[in-house]
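This report describes one protein chain, going from single residues to the whole. Please keep the sequence and the 3D view open while reading.

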Amino acid sequence: AVQWDMIERDLRRPEIWAFLAGNRICATHISLLLEIVAGVAPSDAVGTFKVFDELSSRAETDGVSAVWQQVVQLYERMLGWYADRRQYHRIGFLIAQAGVDGRDKMLREIASQAGRRRHSDFGQWLEREVRRRLNVARSDLASLRYDTDHARIQRLLLLMNVETTARNKHSEARYPFAAHHADSWELEHIHAQNAPDLNTAKQWDAWVKVHEQAVLSLPDDEKRDAVLQAIENWRKASETTAAVGDAFRDLAHEILTFLAGDDATRSEDQVHGLGNLALLSKVVNIGLGNSAFEAKRQKIIAYDHEGDFIPACTRHVFLKYYSDADALQPHFWSAKDRAAYLAEIETILGGYLKEEVQP
């Protein structure tokens, strides 16, 4: 009974539970271990006595102590994964990338492999499994696109954030899987190329206000003054006529072009490529909208100050962490920024990228 209470207490710690089970909800957390030992899937266990019947049958054959010891050993093994920062991040990634429907199956596979391998062999298996699940070669990085490789890019950016946290040698920080599983995640364009699809005067006014602040934060020059004047002209026109939708789209295009700096003419591959994508929670993503880099940068900083979970690499992108200091343009996301970002991804994830197929 004391062991049961100890196991239940530890598994109820949010950081441990999310690491192992994501956002699964169940009455007793120890049932996660009982189901694995019994070999019964959660979908088959709910509302039935299958787990109890299976464990009771084994207890009659092997003895109660032997069956309970399997539960305790599995618990201790999982706490060992949590205590080992390298295993914590690799296992946490594998379970997170499996999605809601695949997490339990992934956890059982990991537990099975850990039970029959030596510690060093298990670590090597984890590394191979991460590489297999990532399923990206070095040569793929430049060609991955938002519209055709969405799931692969999400996995890649998740691993980028997890691995970046794991590599911090001067910190005990861990990737917060509890915060990760508390929300759904989406790919965010770092800089929007096209005018947003908004339909009401309220939406137009809100978008213009956000971007006006971004324009005002840039150094004063003729181009900046021209954009501010265009905003003022649009506002005056909107007071006298309701037919300002087309005028808004023209204004939005002018603002986005200005906020793109010297890199205003971007191809579709550049807009939807990996170098222009970051990982954000759905809640924060909705708040950003279809905005230029500078407007998003200001909002990201505000969300970060308010305590919202912003993944490390997303925060680094909007703070120009990866860009060369000599070429730093803090208000724009340029071709050089995209290249530096891609280079960092290749460096951080180099050990997990698939080997190139030789001709």
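Leaving aside its neighbours within four places in sequence, which residues is Asp149 in contact with? They are Ser143 and Leu144, where contact means heavy atoms within 4.5 Å.

## Basis of the model

The model is predicted: local features need pLDDT of at least 70, side-chain atom pairs count only at pLDDT 80 or more, and totals for chains, interfaces and linings use all residues. Residues are numbered from 1 along each chain as its sequence is written, and side-chain values use heavy atoms, with hydrogens and water left out.

## The whole chain

The protein chain has 19 helices and two strands. These elements are DSSP runs numbered from the N terminus: helices are H or I runs of at least four residues, and strands are E runs of at least two. Along the principal axes, the C-alpha atoms fill a box of roughly 85 × 50 × 40 Å.

Of the 359 residues, 48% count as buried. Buried means under 20% relative accessible area, exposed means over 50%, and partly exposed lies in between (1.4 Å probe, protein chains only). The chain exposes about 18,000 Å², and carbon and sulfur atoms supply 51% of that area. Accessible areas come from the Shrake-Rupley method with a 1.4 Å probe; for residues, only the protein chains shown count as cover.

Among contacts between residues at least 6 apart in sequence, 71% join residues at least 24 apart. The chain carries 44 positive and 53 negative charges, and their mean positions are 5 Å apart. Lys and Arg count as positive and Asp and Glu as negative, while His and the chain ends are not counted. The place of each charge is taken as NZ of Lys, CZ of Arg, CG of Asp or CD of Glu.

## The loop between H9 and H10

Asp149 belongs to the loop between H9 and H10. Is Asp149 buried or exposed? Asp149 counts as buried, because its relative accessibility is 14%. Its side chain is joined to that of Thr148 by a polar contact of 3.0 Å. A polar contact is a pair of N or O atoms within 3.5 Å; within protein, one must be able to donate a hydrogen and the other to accept it, and residues adjacent in sequence count only if both atoms are side-chain atoms.

Asn135 is found in the loop between helix H9 (119-134) and helix H10 (150-166). Asn135 is not a glycine, yet has a positive phi of about 60°. With a relative accessible area of 31%, Asn135 is partly exposed.

Asn161 is found in helix H10 and is buried, with a relative accessible area of 2%. Which backbone atom does the side chain of Asn161 reach at 3.3 Å? The atom is the backbone nitrogen of Ala312. Beyond four places in sequence, the contacts of Asn161 include Tyr175, Leu279 and Cys313.

Lys320 sits in the loop between helix H18 (312-318) and helix H19 (335-348). Lys320 also is not a glycine and has a positive phi of about 60°. Lys320 is buried, with a relative accessible area of 6%.

Arg58 lies in helix H5 (residues 50-62) and is partly exposed, because its relative accessibility is 24%. The side chain of Arg58 reaches the backbone oxygen of Val37 at 2.6 Å. Arg58 and Ala38 are 20 residues apart along the chain, and their C-alpha atoms are separated by 8.8 Å. Arg58 is in contact with Ala38, and its other contacts beyond four places in sequence include Gly63 and Gln70.

Leu94 is in helix H7 (residues 85-97) and counts as buried, at 0% relative accessibility. Leu94 touches Met106, Ile110, Leu126, Glu129, Val130 and Arg133, not counting residues up to four places away in sequence.

## Cysteines

How many disulfides are there? The count is zero, with a disulfide taken as a pair of cysteine sulfur atoms within 2.5 Å. Cys26 is buried at a relative accessible area of 17%, and Cys313 is buried at 2%.
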